[in-house]
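This report describes the packing, the nonpolar core and selected residues of a protein model. The structure is shown first, and the description follows.

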Amino acid sequence: MDDKMFNRESIYTSRAGLVLAAPFFPKLFDRLGYLINGIFVEDSTQSRAVHILEFIVTGYENVEEHALVLQKLLSGLPIQKPVDPLDELTEQEIEISESMLNALLSNWPGLEHTTIDALRETFLQREGRLQEEDGQWTLSVEIKSVDVLIDRIPWSIGVIKLPWMKNVLKVEWR
């Protein structure tokens with residue numbers, strides 16, 4: 001089974017706003033020692049990365065596999081591949097992930113004094129629809145009135161291609 005089976009089908013996620021943090025992921029995973037030359041050192045660290053992305057977006061460490069589709073795409077895993085189970089994140093993983101979220105907030109004009117929980121609830125935990133066609137994924141994100149603040153982000157989220165991703169992720173938001 002490969003990602004082609006999802007061609008033209010929609011997959012819905014409640015974590016679409018995670019793409020806002022994507023430019024910070026290479027530094028995050030590098031600080032955690034998960035990368036060598038921008039590529040995950042082993043499958044187990046790639047699976048842990050999926051769980052860390054879930055923690056970033058929700059604050060939770062363990063969720064059902066079906067909720068991890070976008071996290072898998074952003075970690076470079078095929079969406080049909082199960083991730084390794086997780087007992088819990090380490091203190092270091094939590095600390096570095098929260099540090100990354102604080103860096104995101106401090107670099108987003110207008111949100112410097114926002115809490116991590118407010119960021120999660122307002123922007124990261126957002127409904128979205130993933131569609132794959134000819135090897136390219138597109139994420140359409142639900143629009144809310146607060147999204148005027150997205151115009152202030154000093155980085156691009158329209159196209160995401162992290163070093164370990166096989167294909168680009170096109171983001172349609174606003």
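## Basis of the description

Contact means heavy atoms within 4.5 Å. On that basis, and not counting residues up to four places away in sequence, Trp108 touches Leu20, Leu119, Phe123, Leu149, Ile150, Arg152, Ile153, Pro154 and Trp155.

The model is predicted: local features need pLDDT of at least 70, side-chain atom pairs count only at pLDDT 80 or more, and totals for chains, interfaces and linings use all residues. Residues are numbered from 1 along each chain as its sequence is written, and side-chain values use heavy atoms, with hydrogens and water left out.

## Packing of α4 and α5

Helices (H or I, at least four residues) and strands (E, at least two) are DSSP runs, numbered from the N terminus. Helix α4 covers residues 91–106 and helix α5 residues 116–124; the two pack at an angle of about 70°, and their axes are 10 Å apart. Axes here are lines fitted to C-alpha atoms, for helices over the stretch in contact, and angles run from 0 to 180 degrees between N-to-C directions. The arrangement of α4 and α5 is therefore roughly perpendicular. In this scheme, angles under 35 degrees count as roughly parallel, over 145 as roughly antiparallel, 65 to 115 as roughly perpendicular and the rest as oblique.

From α4, the residues Glu98, Leu101, Asn102, Leu104 and Leu105 meet Ile116, Leu119, Arg120 and Leu124 of α5. The residues of this contact divide into six nonpolar, one polar and two charged (Ala, Val, Leu, Ile, Met, Phe, Trp, Tyr, Cys and Pro count as nonpolar, Asp, Glu, Lys and Arg as charged, and the others, Gly among them, as polar).

Arg120, in helix α5, is buried, with a relative accessible area of 6%. Buried means under 20% relative accessible area, exposed over 50%, and partly exposed in between (1.4 Å probe, protein chains only). Not counting residues up to four places away in sequence, Arg120 touches Phe55, Ile56, Val57, Thr58, Gly59, Leu101 and Gln125. Arg120 and Ser14 are 106 residues apart along the chain, with their C-alpha atoms separated by 11 Å.

## The nonpolar core

A nonpolar core is a set of buried Ala, Val, Leu, Ile, Met, Phe, Trp, Tyr and Cys residues joined through side-chain atoms within 4.5 Å. The largest such core has 54 residues, and those with the most contacts inside it are Phe25, Phe29, Ile56, Trp108 and Leu169. Two or more residues come from each of α1 (25–31), α2 (43–58), α3 (69–75), α4, α5, β5 (136–141) and β7 (169–172). Helix α2 gives the most, with six residues.

Leu139 lies in strand β5 and is buried, at a relative accessible area of 0%. Leaving aside neighbours within four places in sequence, Leu139 is in contact with Thr13, Ala16, Val19, Leu70, Gly128, Arg129, Leu130, Leu169, Lys170, Val171 and Glu172.

## Aromatic residues

The structure holds seven aromatic pairs. Rings of Phe, Tyr and Trp (its six-membered ring) pair if their centres lie within 6.5 Å; planes under 30 degrees apart count as stacked, over 60 as edge-to-face and the rest as tilted. For Trp108 and Phe123, the ring centres are 4.8 Å apart and the planes stand at 50°, so this pair is tilted. The pair links distant parts of the chain, 15 residues apart, with Trp108 in the loop between α4 and α5 and Phe123 in helix α5. Trp108 counts as buried at 0% relative accessibility, and Phe123 is buried too.

Phe25, Phe29, Tyr34, Phe40 and Trp164 form one aromatic cluster. Leaving aside neighbours within four places in sequence, Phe29 is in contact with Tyr34, Leu35, Phe40, Ala49, Ile52, Leu53 and Trp164.

## Loop residues

Asn37, in the loop between β2 (35–36) and β3 (39–40), has a positive phi near 50° in a residue other than glycine. Asn37 counts as exposed, at 78% relative accessibility. In the loop between β4 (128–133) and β5, Asp134 has a positive phi near 55°, also in a residue other than glycine. Asp134 counts as exposed, at 62% relative accessibility.

Gly33 is placed in the loop between α1 and β2 and counts as partly exposed, at 45% relative accessibility.
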